[in-house]
Structures are given as structure tokens and as C-alpha cells.
Amino acid sequence: MSAPSGLQKLEYLSLVSKVTNELSNHTGISDKDVAEYIIHLHGQSSNYIEFKQKLDQDECGFTDAL
């Protein structure tokens with residue numbers, strides 16, 4: 001696997017920023033590490049149901065709206 005390009009790094013940072021912003025808006029949590037963990041869980045999931053199950057297993061307590 002090759003190293004991410006500069007553009008891929010910028011896209012990832014933008015995604016982290018967006019997820020962090022949505023977390024803050026919906027939960028009051030403004031934590032980059034939590035956002036990156038959520039992105040990681042999403043990357044390990046093949047569909048929404050699996051992703052939601054992983055969030056529920058970790059007892060994140062996020063609503064479907066988030």
C-alpha cells in the first residue's frame with residue numbers, strides 16, 4: 001500500500017473536520033480523536049447497518065440523525 005498523496009491527506013483532514021463539526025453540533029463533543037475513530041469504524045464496515053451496530057457495540061449513544 002502506497003503512502004497517501006497530498007490531496008488524499010487534505011481530503012482526510014477535511015473529512016475529520018466535518019465529522020468533528022457534526023459531533024460538536026449534535027453532542028457538544030468536539031474531539032478530533034473521536035471523529036477519527038468514527039471514520040475508522042466506517043471504513044471497517046461494509047454497510048450502514050454494520051456501521052451502526054459497531055457504534056452501538058461501543059455504546060456511543062449516537063442517534064440515527066447524527
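Trainee: At what angle do helix α1 and helix α2 pack?

Mentor: Helix α1 (residues 6-27) and helix α2 (residues 32-43) pack at an angle of about 110 degrees, with their axes 9 Å apart, where axes are lines fitted to C-alpha atoms, for helices over the stretch in contact, and angles run from 0 to 180 degrees between N-to-C directions. Helices here are DSSP runs (H or I, at least four residues), numbered from the N terminus. This is a predicted model, in which local features need pLDDT of at least 70, side-chain atom pairs count only at pLDDT 80 or more, and totals for chains, interfaces and linings use all residues. Residues are numbered from 1 along each chain as its sequence is written, and side-chain values use heavy atoms, with hydrogens and water left out.

Trainee: And which residues of α1 and α2 meet?

Mentor: Among them are Tyr12, Leu15 and Val16 in α1, and Val34, Ala35 and Ile38 in α2, contact meaning heavy atoms within 4.5 Å.

Trainee: New topic: how many salt bridges are there?

Mentor: The count comes to three salt bridges, each being a side-chain nitrogen of Lys or Arg within 4 Å of a carboxyl oxygen of Asp or Glu. One of them joins Lys52 and Asp56, at 3.2 Å from N to O, and these two residues lie four apart in helix α3, about one helical turn.

Trainee: Is Lys52 buried or exposed?

Mentor: Lys52 is buried, with a relative accessible area of 17%, whereas Asp56 is partly exposed at 43%; buried means under 20%, exposed over 50%, and partly exposed in between (1.4 Å probe, protein chains only).
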